[in-house]
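I opened the model today and kept short notes. The entries follow in the order I looked things up.

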Amino acid sequence: MRRGFASPSFDNRAHQLAIATIAVSIVQGFLLQSGTYVFLFSPFKTLHYLELWRPFTALFVAASPVEVIFGALIIYSIGGMLESRWSRRRFTYTVLGIPLIAELVVVALSFIAPSLVPSSMVYAGSRQVISTLWILYGLASHFSRERLNFWGTPITGKTFALIGVGFVFLSGVFGGFIPVLPDVITVALCYLYMYRYTVLSFTRKYELSYYDWKLKRLKQKSGFKVIKGSRSDDDPGHQIH
């Protein structure tokens, strides 16, 4: 990445997220010593005990001292750069919204397939926020054709995003994919969000192709003649006689 750390500012949402991550992680660390994990995401407790705060508070909890330090630095630096590129409103809704949706998907999976997500499973969600920031920043740089610098090595934004995917994949390889299930879903949602216009364009083309195919089938079966005419807002573009 070319730019360095931005000046600390409490008006910067990324800096606020970094500070909140450090604070909540430390509090949860003290609580874990007594066996309490009130801030962690538990699909079972969220679904069956209606502890609805867990999916949100877990986004500010890092699972280890290394994650607290380096996670806060990533949120501070990459998050600050992404926020300066986007608006603060879009930054906040996207960076927190994507991981939150991923956790709600896990809650739904725990209801549909309870054997997939054990009732004892809990998640710290800071890694989801970090993965979201990493991938979104990489893909945003890719779309703007910006070259990034990763530890002295020039790379493309797409490669930078794939490095974030690699972290999640390796965590699943060495620790199992169920413990990183929200992270895997988060990665998929990040790509879906950034390529949403491409997906919508493809879907639209598929719908038009299917519509044309149905008209051809109708013509072959019934002998109707399909006449292409002028289009209007209420006119599908074809007439059948």
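Is leucine 170 buried, partly exposed or exposed? I found leucine 170 partly exposed, with a relative accessible area of 45%; buried means under 20%, exposed over 50% and partly exposed in between, with a 1.4 Å probe and protein chains only.

I noted that this is a predicted model, where local features need pLDDT of at least 70, side-chain atom pairs count only at pLDDT 80 or more, and totals for chains, interfaces and linings use all residues. Residues are numbered from 1 along each chain as its sequence is written, and side-chain values use heavy atoms, with hydrogens and water left out.

I placed leucine 170 in helix 7; helices are DSSP runs of H or I with at least four residues, strands are runs of E with at least two, and both are numbered from the N terminus. Helix 7 covers residues 157-175 and reaches 27 Å from its first C-alpha to its last.

I listed the buried residues of helix 7: Gly157, Phe160, Ala161, Gly164, Val168 and Gly172. Seen down the helix axis, they fall within an arc of 145 degrees, so they line one face of helix 7; the arc is taken from the directions from the axis to the C-beta atoms.

I checked what comes after helix 7 and found glycine 176, with a positive phi near 95 degrees.

I then turned to serine 25, which sits in helix 1 (residues 13-32). Serine 25 counts as buried at 6% relative accessibility. Beyond its neighbours within four places in sequence, serine 25 is in contact (heavy atoms within 4.5 Å) with Phe60, Val61, Ala62 and Val68.

Conventions: Expected span 1.5 Å × (residues − 1).
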